[in-house]
Amino acid sequence: SRAFRNPPCAPSFGPALTDMANPGKMFLGGLSCATTSESLTAFFSQYGAVQDAVSMKERGFGFVTFADPAVGESLAGQTFEIDGRQVEVKPLVPEGTKGKGKGGPSSFGAPGPTAGATPGKLFLGGLSYSTTSEGLHDFFAQYGTIADAVAMKERGFGFVTFEDPAVAEGVAGQTFEIDGRTVEAKRVVPEGTKGKGKGGMYG
């Protein structure tokens, strides 16, 4: 069977947010299944002009982009009650700046694209021998538009590339049941950017 394991909500992705270096873009953690992209825009508009908002409610997080980066900075680290849930606002810092300041991607678990990697590309571990590239394409298409999907089933792994990196961010780190096997999605990290220890080039 091909079913997303314990989906809290039906998949629903809002407008694409692919510019991870946008200084006005903020990560929102702890969203309710009832929170939509429109309700996020309406809520945060009271603090400043909102350029864009995405509710990845089935993953429990989202993003909001303010026209004025200073507004996002002023809200960073605060929590707000939205649809009965405590939602935390954190700055979204591009990969490569981690460790230089507070609030990098590792601090909230929403992976961002890494310099040198294909944005939107994910490693899939634990594939069944019966899983095909077409099957992967059809399965992950429910989350967003697929640019490419490859099943190296004889090796037990594969890759899927989303056209929108923001969709890949929502999928990364999750597990899925595909053809009776538990498959884990991990972002692809260029070789040489991680240590030579366990984990190789997938994080």
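This is a predicted model: local features need pLDDT of at least 70, side-chain atom pairs count only at pLDDT 80 or more; totals for chains, interfaces and linings use all residues.

Visitor: Why is strand β7 described as largely enclosed by the rest of the structure?
Guide: Strands (E, at least two residues) and helices (H or I, at least four) are DSSP runs, numbered from the N terminus. Buried means under 20% relative accessible area, exposed over 50%, and partly exposed in between, with a 1.4 Å probe and protein chains only. Strand β7 covers residues 121–125, and because four of these five residues are buried, the strand is largely enclosed by the rest of the structure.

Visitor: Which strands pair with β7?
Guide: Two strands pair if DSSP finds at least two bridges between them. Five bridges link β7 to β9 (residues 157–162) in the antiparallel sense, with F123 opposite F159. Strand β11 (residues 181–187) also runs antiparallel to β7, through four bridges; here L124 faces A185. In a regular strand, side chains alternate between the two faces of the sheet.

Visitor: Which residues touch the most other members of the largest nonpolar core?
Guide: A nonpolar core is a set of buried Ala, Val, Leu, Ile, Met, Phe, Trp, Tyr and Cys residues joined through side-chain atoms within 4.5 Å. The largest has 20 residues, of which F140 and F162 touch the most other members. At least two residues of this core come from each of β7, α3, β8, β9, α4, β10 and β11. A second, separate core has 16 residues, including V50 and F80.

Visitor: What does F140 contact beyond its sequence neighbours?
Guide: Contact means heavy atoms within 4.5 Å. Beyond neighbours within four places in sequence, the contacts of F140 include L124, V160 and F162.

Visitor: Is S128 buried or exposed?
Guide: S128, in the loop between β7 and α3, is buried, with a relative accessible area of 10%. Not counting residues up to four places away in sequence, S128 touches K153, D179 and R181.

Visitor: How many bridges join β3 to β4?
Guide: Six bridges join these antiparallel strands, and V50 stands opposite F66. Six of the seven residues of β3 are buried.

How values were computed
Residues are numbered from 1 along each chain as its sequence is written. Side-chain values use heavy atoms; hydrogens and water are left out.
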